[in-house]
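Please look at the model shown here before reading on. The report below concerns one part of the chain and its neighbours.

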Amino acid sequence: MEGGKPRRRAASLLVLVTGALVLGECTLGLGFLVPGESGLLVAAAAVTDWGFFFALSLTVAVCAFLGDNIGYFLGRRYGMRMRETRIVAKLGVAHWDRACRMLRRFGIGAVLVARFLPVVRTLVPAAAGTSGLGYVRFVVTSLVGATAWSMMHVSIGWAAGASAKYVEHLLGRAGGVVLGALVLAGVGAFLWRRRRNRAAEAAEPGPAAEPACELDEERAA
């Protein structure tokens, strides 16, 4: 019982920190800097019971939903000027244009699909606000997408954490050290590849201007 309160406090702190990371990752401009999805998977690996699972899933879903809404209202506020901002330049104008193409092609469905796509999910809410997509439809779709995305990632992290603990139990402490080294190596390789890809994108000539993120009246309603 004595160790119960410290563990609960640690779990609560982990949930709050993970929620903050996800909010940053899903908010326009911070997704470039804050590894929200990676942090979510790492935090989910610490899940030990259903109570922890639902607390983390709910917090992450709410934070992702709030991040989407911030992006949407920024898009409403600045309109097509968003494409020329430093924020979009950092994330990549090509990603903004991709978000616009998705909205023109799929309408409200793009908000749901983009939730599962890196980088683009940060830009689609702002592009949706720019396009004039109806707010009620956006809210409903964003909430469904954020909930599904949250529960999927927490489930994956929980399963991975349980598997890692089982492997560590079989191999002993030495096996745990090796497993940790492999995870660190994988994370390092991922970050190195992402930095290399961004450097390559920065070296390419800027893309030509695309048509505005405007939907026809039927899609926007």
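Predicted model: local features only at pLDDT ≥ 70, side-chain atom pairs only at ≥ 80, totals over all residues.

## Helix 7 itself

Helix 7 runs over residues 120-131, and its 12 residues reach 15 Å from the first C-alpha to the last, which is close to the 16 Å expected at 1.5 Å a residue. The helix is mostly covered, with 12 of its 12 residues buried. Among these buried residues are Arg 121, Thr 122, Thr 130 and Ser 131, together with Val 120, Leu 123, Val 124 and Pro 125.

## The residues at its ends

Val 119 belongs to the loop that lies between helix 6 (109-114) and helix 7. Its phi is near 65°, a positive value in a residue other than glycine. Val 119 has a relative accessibility of 27% and therefore counts as partly exposed, since buried residues are those under 20% and exposed ones those over 50%.

Just after helix 7, a positive phi is also found at Gly 132, where the angle is about 90°.

## Packing against helix 5

Helix 5 (residues 93-106) packs on helix 7 at an angle of about 60°, and the two axes are 9 Å apart. The two helices are therefore oblique to each other, and helix 5 passes helix 7 in a right-handed crossing.

On the helix 5 side the contact is made by His 95, Trp 96, Arg 98, Ala 99, Cys 100, Met 102 and Leu 103, which meet Val 120, Leu 123, Val 124, Ala 126, Ala 127, Ala 128 and Thr 130 in helix 7. Sorted by class, the residues of this contact are 11 nonpolar, two polar and one charged.

## Packing against helix 3

Helix 3 (residues 50-78) also packs on helix 7, here at an angle of about 40° and with the axes 6 Å apart. That angle makes helix 3 oblique to helix 7, and the crossing of these two helices is right-handed.

In this contact Asp 68, Gly 71, Tyr 72, Gly 75 and Arg 76 of helix 3 meet Arg 121, Pro 125, Ala 126, Ala 128, Gly 129 and Thr 130 of helix 7. The residues involved divide into four nonpolar, four polar and three charged.

## Residues listed in both contacts

Technical notes
Residues numbered from 1 in each chain as written. Heavy atoms only, no water. Helix = DSSP H or I, 4+ residues; strand = E, 2+ residues; numbered from the N terminus. Expected span 1.5 Å × (residues − 1). Buried < 20%, exposed > 50% of the residue type's maximum accessible area, 1.4 Å probe, protein only. Axes fitted to C-alpha atoms, helices over the stretch in contact; angles between N-to-C directions. Parallel < 35°, antiparallel > 145°, perpendicular 65-115°, else oblique. Left-handed = near helix turned anticlockwise from the far one by under 90°. Contact = heavy atoms within 4.5 Å. Nonpolar A, V, L, I, M, F, W, Y, C, P; charged D, E, K, R; others polar.
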